[in-house]
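Reader: Walk me through this one, please. I'll ask as we go and jump around a bit.

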Amino acid sequence: MMTFTPRSNRKSRQRKTTTALALVATLGLICAPSQAGTRSYSHMQNSATQVKIQEPGSGVNSRSIVLPFSKSTVIELPDNVMDVIVSNPDVVEAVVHTSRRTMLIGKEAGQTNVYFYGHDGQELLNIDIRVERDIGGLEGLIARNAPSSSVEVQVFNSNILLTGSVPNAAAADTVEKLARMWLGQGGQNQNGEIVNLLAIKGKDQVMLKVRIVEMQRSVTKQMGLDLSAIGDLGGSTVSLLNNVGPTISSGLTASGTYNNTSGGDLTSLSGALSALETVGLVRTLAEPTLTAISGETANFLAGGEIPLFSGSSLDDQGRLQRSFEFKPFGVSLGFTPVVLSEGLISLSISTEVSEPTTENAFVSEGGENVLGIRVRRANTVVEMPAGGSLVIAGLIREESRSTIDGTPGLKDVPGLGALFRGRDSRTTQTEVVIMVTPYLVDPTHPDKLQTPSDGYQQANDVESLLMGRLNKVYAENGQPKIQSDSLPGPFGHVVD
């Protein structure tokens with residue numbers, strides 16, 4: 001007889017059996033001693049060998065292009081594009097028109113990469129893009145405004161490099177101005193620089209010969225009469241003095257005295273007359289010669305520096321510390337030449353004639369005398385031909401001072417008042433004349449140059465003792481009057 005177990009009872013017994021086996025297996029794992037087995041990393045090594053790193057600009061479908069600033073280019077692909085990736089969207093903007101056509105727009109100078117991927121993730125195209133400004137417009141401007149120049153323009157990001165040659169400094173300045181104007185058209189983010197490496201073919205070394213002459217004329221007139229009288233008034237002796245005459249060490253001085261011996265109230269009467277006229281003439285001459293490269297500044301000063309009190313302070317120990325500032329004075333000159341063409345020079349000239357003076361001087365709180373500086377200064381910018389001369393004149397200064405001293409009331413009496421007053425009059429006139437002459441010069445050999453000591457010969461004992469001379473005297477032909485075998489060849493400057 002066969003017995004069939006219901007299906008439901010069989011399933012119940014199977015579940016119980018499975019649960020029991022699982023419990024026994026778990027207990028076996030817990031109670032069993034732990035042992036380290038052999039591990040394998042071969043699957044990780046296989047994955048590492050499959051890693052692929054692609055450098056920028058490399059690959060089968062890699063391209064490199066130069067995209068002009070603010071212009072665009074169209075990319076046509078043979079397959080449909082799923083993704084377009086731009087590494088720097090600020091430099092290049094990608095606009096997808098269709099699944100196979102993309103437009104790239106240069107927004108800012110710089111470099112970036114653009115990747116195109118298909119639907120299966122395959123790389124379709126890799127473009128290395130450099131956005132630069134289009135120099136065609138600048139080259140056209142230079143060709144029209146500086147036709148005699150040979151200029152090469154190169155652009156690196158927002159910077160412009162100018163190389164080549166120009167005939168003169170004026171052409172170089174024109175080319176640089178055109179480049180600066182063209183660079184300013186790029187918008188607010190185009191803050192590039194201009195590197196000017198242009199070579200100037202013409203002479204660009206200027207020598208300026210200057211002659212500065214100052215004439216100062218002063219006239220001083222002084223005249224006065226001093227009177228004194230002694231008399232008796234009511235049994236008392238009275239003295240009257242009128243001292244208005246100037247104190248002078250030279251000039252005309254006359255005096256006279258009257259003594260009354262015949263009786264009367266007037267005992268004695270005396271008078272002194274002083275008169276002086278002084279005429280002074282001062283001549284200042286300076287002839288500096290300076291040489292400078294076109295566009296550079298050269299300075300000259302013939303004079304010195306004086307210390308001027310600038311302030312005082314107390315240190316930590318309470319001691320008074322005075323500070324001084326040195327102020328230059330004398331004849332100074334500064335000029336900046338720019339060679340516009342082979343025979344035309346632009347000059348920026350600054351010249352000054354100064355001297356210390358007690359005029360407008362004052363005494364500080366600490367007792368120091370602070371002097372003033374009298375200055376005659378001229379600044380001008382002119383264009384002159386090489387070898388031409390220019391005169392800067394009209395720097396005239398005239399000063400007049402008059403003083404009248406006298407006895408109040410009596411000095412105002414017509415006619416008779418001249419005996420009771422004195423006069424001091426000073427007049428000063430100064431004029432400065434500046435002559436400038438520029439030249440285009442080249443270096444020369446030192447054998448062609450002379451110094452004031454060339455040809456100088458010291459006097460011998462006979463000339464020094466008997467004639468009182470310090471050097472030999474030269475004749476009209478440039479040879480010493482006393483011929484000697486030790487003086488061969490021509491001689492240079494005459495030293496008096």
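Reader: Where does Glu 152 lie?

Author: Glu 152 lies in strand S8, residues 150-156. Helices (H or I, at least four residues) and strands (E, at least two) are DSSP runs numbered from the N terminus. This is a predicted model, in which local features need pLDDT of at least 70 and side-chain atom pairs count only at pLDDT 80 or more, while totals for chains, interfaces and linings use all residues. Residues are numbered from 1 along each chain as its sequence is written, and side-chain values use heavy atoms, with hydrogens and water left out.

Reader: Glu 152: what does its relative accessibility make it?

Author: Glu 152 counts as partly exposed because its relative accessibility is 45%. Buried means under 20% relative accessible area, exposed means over 50%, and partly exposed is in between, with a 1.4 Å probe and protein chains only.

Reader: Which helix holds Ile 142?

Author: Ile 142 sits in helix H3, residues 136-145. Ile 142 is buried, since its relative accessible area is 6%. From Ile 142 to Val 153, 11 residues along the chain, the C-alpha separation is 9.7 Å.

Reader: Switching to charges. How many salt bridges are there?

Author: The count comes to 9. A salt bridge here is a side-chain nitrogen of Lys or Arg within 4 Å of a carboxyl oxygen of Asp or Glu.

Reader: What does Arg 180 pair with?

Author: Arg 180 forms a salt bridge with Glu 176, and their closest N and O atoms are 3.0 Å apart. The two are separated by about one helical turn because they are 4 residues apart in helix H4, residues 169-183. Arg 180 is partly exposed at 46%, and Glu 176 is partly exposed at 23%.

Reader: Which side chain does Arg 377 meet in a salt bridge?

Author: That of Glu 352, at 2.7 Å from N to O. Arg 377 lies in strand S20 (residues 369-385) and Glu 352 in strand S19 (residues 344-363), so the pair ties together parts that are 25 residues apart in sequence.

Reader: Is Glu 352 buried or exposed?

Author: Glu 352 is buried, with a relative accessible area of 16%, whereas Arg 377 is partly exposed at 49%.

Reader: How far apart are the closest N and O atoms of Arg 469 and Glu 463?

Author: They are 3.9 Å apart, and the pair forms a salt bridge. Arg 469 counts as partly exposed at 30% relative accessibility, and Glu 463 counts as buried at 6%.

Reader: New topic. What volume does the largest pocket have?

Author: About 210 Å³. On a 1 Å grid over the protein atoms alone, a pocket is an open set of points where a 1.4 Å probe fits, with protein on both sides within 12 Å along at least five of seven lines; lining residues have an atom within 4 Å of a point. The volume is the space filled by probe spheres set on the points, which are joined across faces, edges and corners.

Reader: Which strand gives the most to its lining?

Author: S12, with 4 residues. Strand S12 (205-233), S21 and S22 each supply at least two. The lining includes Gln 216, Thr 220, Glu 399, Arg 401 and Arg 426.

Reader: How many residues of that lining are charged?

Author: The lining has 6 charged residues, alongside 5 polar and 1 nonpolar. Asp, Glu, Lys and Arg count as charged, Ala, Val, Leu, Ile, Met, Phe, Trp, Tyr, Cys and Pro as nonpolar, and the others, Gly among them, as polar.

Reader: Last one. Where is Gly 256?

Author: Gly 256 is in strand S14, residues 252-259. Gly 256 counts as partly exposed at 38% relative accessibility. Leu 273 is 17 residues from Gly 256 in sequence and 8.9 Å from it in space, C-alpha to C-alpha.
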